[in-house]
Amino acid sequence: MVENELDPILALLDRTTRVAVLTGSGISAESGIPTFRGEHGLWKQFRAEELATPEAFERDPGLVWEWYDWRRGIIGRAEPNDGHRTIAAWQDTFSSFSLITQNIDGLHQRAGSRGPIELHGNIWKMRCLREGTVTECRDVPLPSLPPRCPTCGAMLRPHVVWFGEALDQDVLEGAFHRAAACDLMFVVGTSALVHPAASLPLAAAQAGAKIVEVNPDPTPLSRSADFVLRGKAGQTLPLLQRKIIDKWKS
Ligand SMILES: [Zn+2]
């Protein structure tokens, strides 16, 4: 990426621009979190697609929890990067700002983001199978598997969306509402392949927003994006932030 590629984006941004950001696994990969899918996602002899399902949990909740416990260990040791930190700073840079993420690792919150819309849930949260109540627990490793609800003793499940499960309707509606209400949407580190998350940039564009893709690799979104920044989030976003601040100071 060359620096003057940022100029047209910079020209669109001022304090009153309504900005939305959609993030995916790419920004977490920059923090060393593997995608847990495909060849590199193998744990023991299992693939993510064989473990992150309601059927797998019904068959063997202990095994599924053992895998989540292992993943929580990896995620717990990872640190947010400058991409996460820049996105957190944008809450106070723009008068209207929304963050929507496909990631379940909670790195945005650790970087300082307040209340991101988490499309696929959060690996640090658990849900009671009997009551549906959601609690947060950051213990690594978990003291006993599978964990039990502190209130009623029923089994807990990870508060994440599994393969074959629908996204939470309220969460999804909130995300589409934010997408339709922005002037500029940054799509960061996501291949924009998995629906319904992939429809968010389209919803934003239909409502008149400009789309900026931030990704080291081409994606299906690249052709329809208004601007493409080929680079890592941890490098591209801080550079843009510095230029925004310089421009507003002058
Ligand atoms: Zn309970």
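## Largest pocket

Helix 2 gives the most to the lining of the largest pocket, with 5 residues, and both helix 2 (25–29) and helix 5 (61–77) supply at least two residues each; helices here are DSSP runs (H or I, at least four residues), strands are runs of E of at least two, and both are numbered from the N terminus. This is a predicted model, in which local features need pLDDT of at least 70 and side-chain atom pairs count only at pLDDT 80 or more, while totals for chains, interfaces and linings use all residues. Residues are numbered from 1 along each chain as its sequence is written, and side-chain values use heavy atoms, without hydrogens and water.

About 1,000 Å³ of space lies in this pocket, a volume being the space filled by probe spheres set on grid points joined across faces, edges and corners. A pocket is an open set of points on a 1 Å grid over the protein atoms alone where a 1.4 Å probe fits, with protein on both sides within 12 Å along at least five of seven lines, and lining residues have an atom within 4 Å of a point. Of the 46 lining residues, Ser25, Thr35, Arg37, Gln102 and His120 lie nearest the centre of the largest pocket.

## Second largest pocket

The second largest pocket holds about 310 Å³ of space and is lined by 19 residues, with Glu118, Gly121, His159, Asp168 and Val171 nearest its centre. Two or more lining residues come from each of strand 3 (117–118), strand 4 (121–128), strand 6 (156–160) and helix 8.

## Helix 8 and helix 9

The contact (heavy atoms within 4.5 Å) is made by Ala175, Phe176 and Ala179 of helix 8 and by Ser199, Leu200, Ala203 and Ala204 of helix 9.
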